[in-house]
Amino acid sequence: MFVTGRIFAAGMLVAIWIIVLAAMELAKKNLPIFRKLAGLDAIPEMVGRAAETGKPVHFTTGLGELNTNVASQLVAGLSVLAYVSEMCANLGVKIIYSVYQSQVMPIATELMKSAYTSAGRLEDFDPEDQIRFLSDSQFAYASAVQGIAEREHPAANIMIGPFYAESMLFAETFYRIGSIQLAGTARGYQIPFFAVVCDYLLIAEEIYAAGAYLSKDPVLAGSIRGQDIGKFIAMILMIVGLILTALGNPAITNLLKM
Amino acid sequence: MADFATIIQIWFAALFTIWVYSIAFRDNVFFKFAEHTFVGAAAGHSLVMGVNNVQRSGWAPLMAGNYLYIIVFVLGILLYTRYHNEYFWMSRFPLSVLVGIGIGITMRTTVTAEFIAQIQSTAGMKVLGTDAWTAISNLIFIIITLAVVYYFVFTFPKMHGGGLGIISIIAKYGMMAAFGYSFANTVLSRFNMIFGRLDFIMSSWLPLPYAMIALPVALILLIYAMIPAARRPWPKTQN
Amino acid sequence: MSMIFRRTIPIVIVFVTSLLLLLAFFVTIPGIDLKATETMLLNWGVILSAFCLGFGAVNLFIFQGRHILRRTKGQWPFSIWMLIVIVVFTVVGVLTGSSSTEYTWLYNSSYFALSATVYSSLGFYMTSGIYRALRAKNIESGLLLIVGIIALARNAPAVAAAFPPIIPWEAWISAVPTTSAQRGIMIGASLGAIALGIRTMIGRETGFLGKLTEAEKGG
Amino acid sequence: MGKESKTIWDRLEDIPREVLYAILIITFIMPMLFPIGFPVPISPEVQRWYDTIDKLPSGSVIMIDFGYSGGGEPELGPMAVAVYHHIFRKGGIRVIAMSTSNEGTLLFDKVIAELNPSQYGKQYGVDYIHIGYLAGTETAMAAVGKSIRTATATDYKGTPLDKYPVMQGVDEAKDFDLLICYTTGGDQSEGWVRQWYTSYQTPYLCCVIAMMVPTMLPYQKAGQIVSLTSGAQAGQMELLVKMPGRGIKSADVITLTHLLCIVFVVIGNVAYFGKKFSGGKK
């Protein structure tokens, strides 16, 4: 027997479950098409400017570990890293990736190496210099990134992943030295700082979409498709509910309370 | 007058405060010392609280004769096999229990708390039959909520093309206003924290004997430590 | 065989545990009382989480220990100091108890002062961020700026007292655009959280397994 | 661009950050040395919080989560003290505290020391208690909601819970009439909505640091939180309970530093537009 007051919630959960699973299966055959993300579209321009000025591109995926609940943000950041690396390799721009998690080092090396290989520029890739493990303590990492900004003056700075209190510190430092910045995080408390300081933004869920779009992983892309359908359900329920409420009919609100 | 132990405690706390603030100006050896103390203290403190928690929640029932709790102790110890190169996979059993509990309790309530309750609250808003101001406010509220949900639909690109692009623009404006509000609130939070520390220094530390002398000395030392190693007479090594 | 132990069983454990908690919440099965099991399971969750609190210390011993062994320039004396701090905290905290006078003294003179200060130091960066970056470059940033200024002014108690109209302005900003935008984000994020839960339960999201062996990477 | 082409606007934009910081610190210190005593208006949220506690019938039981870390103490500490003053003065209410932050028990001690409950004749174990830190955040909330005595056998000092009269007849979420959470973490403030409000409909008062307020607003609008306040409003609560303390002391400082921020924004934008209109390019 269902517990009263939780019936609709249980049904909703089952519905989302089925939709997400179905979307993931379908995505294996046909990868969903993604809408344009303004933040991603800015990357060619950013790398282009780095090429013009001969300065490097700086990349960071923030803090967090691969076995915690922010792992999916980290994974999204790494997918963007692979994309940016390939573009940098093509244009002969140096990309510096500042690493916080030692466990990410081998993954990043692999990703960047294959990016340079597919650009046919493997000889330009210097993992020692380009993938820098700075520290695994928050503020030591932050001050080391600041050091890179002040010494090497990157033309562009891309930050995608789980960011914490260091977000403002990074954004402010790179702004001061005149880098163009793209930032994205799903950690709600930090988005405002990026919105204030950075030129381009990936807001909240947009980073997952960016990651899924660039990595072409059917599980992730399908899951996003499933969530999109969930958003339709939310919108429809709200609109129908509003209309009925305006007509004085509480059917939807009663349904949701079941 | 405070006792000796308290006086020492205040001195430590005050010096650490000044050293940490110095990072806003430049990296230096005093900050590094304070930072390492912070990281060490954080790890030590959570270990202590962990032991305390295990004693109260696990050890006590076990001693009271609930032998089922042996299982959880075994699982707890298995967590630490993650540091072993060969047996690290054994830590996955307890971790799976933790992950399973985490998913179970979040999923079962998220669907109500953050999905259904929010929809219900929006659907119940009145646009007709209220005063004009409330009606307009509610209408703006509804439009922004719907637009933001719409904005985060990714895999139906046609929904964002042509004239429909206006919805995303509305969403963006709504979110920017929200971010402006958050930003101002964060300033308030951080300033309150700074106030707390400065208040401590001014009302607890500075009234103590010698503190007024120590403050300028500490500041001079700090400024000295901020000078790049190559340009200062001693020590010549960078840290 | 080893794959079953290393990969399949953990995923099955996740599935069974979470399904049990879901069932206990949504349904009542006549004849079966899930409440006792649920209560115990949750308590086990608390205990295992408490066990995890030692990870930080062990990680630091391994990581900083390496610095000490290699005599990393400019780092190893700090590493030794950090390990001393951990040991002192642990010994005092475990021997005298976490609410003893000794431990409270230790906490107040170092950790409390430091954690309060470290996060407040961001206030400085925010000030220069405000000065340099809060610009009305376009409509979006202009909107952010106007809302930001109104909220800043409202947050200053005396400004609100001297200029009362700002109170309803701020209240409106908070209740209408901020709440509605946050609600939109929340609805989307909740779906993301549920989808992540589903992926983990069916073994499509295996980040929690930690490092994978070569054989597992293929699987 | 030659040196002579550096306009006044460029100079204004390039003020070294050290100068900005120094101005900020001075703005902080001046009102501390020479207090002005600016007035503080009461906002409706704080009033609603006050009324909620005021209307509690005698014999009610409150759960308080000390879920904040040391960084939030300057904001949340004064709020916790003011609210305790209110509860203890009112009388007839039992207060059971716990912590989902591992610094919580030590911060609880600070609050109690500042509060001095004996002035109201209140005793530890009889009128109030702290059942200790429980790890796992949401897991801990769910566990305590099911059974306190299963989750922890003793209070934070290590004495068995049943030895305290305050714990009589209290074991699960259903036994509580109100939930209060002070926190610096989203996992806590949102977790209580999920684990207690959603599961047991316990009325919930939530006090967070100011920066977290915006993300919590949707819950309040949906009625899942009775009153959502920020620790920065502690001064207002102190005025309501007529116990001026640290919260009200910060009013002068906060006013002046916020005005400074507004001045900074204005100067920054004047420099930006000045440069734009005087034809200088970046």
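This briefing covers the contact between chain C and chain B, and a surface patch on chain B. The structure is a predicted model. Between them, chain C and chain B bury about 10300 Å². On chain B, five nonpolar residues, Tyr210(B), Met212(B), Ile213(B), Val217(B) and Leu221(B), form a patch on the surface.

**Extent of the contact between chain C and chain B**
- Chain C contributes 113 residues to the contact, and chain B contributes 110 residues.
- Carbon and sulfur atoms give 77% of the area of about 10300 Å² that is buried between the two chains.

**Polar links across the interface**
- The interface of chain C and chain B has 2 salt bridges.
- In a salt bridge between Arg108(B) and Glu38(C), the closest N and O atoms are 2.9 Å apart.
- Between chain C and chain B, 23 residue pairs are in polar contact, counting pairs with both residues at pLDDT 80 or more.

**Helices on the chain C side**
- Several helices of chain C each supply at least two residues of the side that touches chain B, among them H1 (2-26), H2 (34-52), H5 (101-120) and H9 (166-201).
- H9(C) provides the largest share of that side, with 24 residues.

**The nonpolar patch on chain B**
- Together, Tyr210(B), Met212(B), Ile213(B), Val217(B) and Leu221(B) have about 570 Å² of accessible area.
- Met212(B), one of the patch residues, belongs to helix H7 of chain B, which spans residues 211-226.
- Met212(B) counts as exposed because its relative accessible area is 56%, and the cut-off for exposed is over 50%.

Key. Residues numbered from 1 in each chain as written. Chains lettered and ligands numbered in written order. Predicted model: local features only at pLDDT ≥ 70, side-chain atom pairs only at ≥ 80, totals over all residues. Heavy atoms only, no water. Patch = residues over 30% accessible without salt bridge, like charges linked within 9 Å, V, L, I, M, F, W, Y side chains within 5 Å. Areas by Shrake-Rupley, 256 points an atom, 1.4 Å probe, with all protein chains shown as cover. Salt bridge = Lys/Arg side-chain N within 4 Å of Asp/Glu carboxyl O. Helix = DSSP H or I, 4+ residues; strand = E, 2+ residues; numbered from the N terminus. Buried < 20%, exposed > 50% of the residue type's maximum accessible area, 1.4 Å probe, protein only. Contact = heavy atoms within 4.5 Å. Buried area = accessible area lost by both parts, 1.4 Å probe. Polar contact = N/O pair within 3.5 Å; in protein donor to acceptor, adjacent residues only side chain to side chain.
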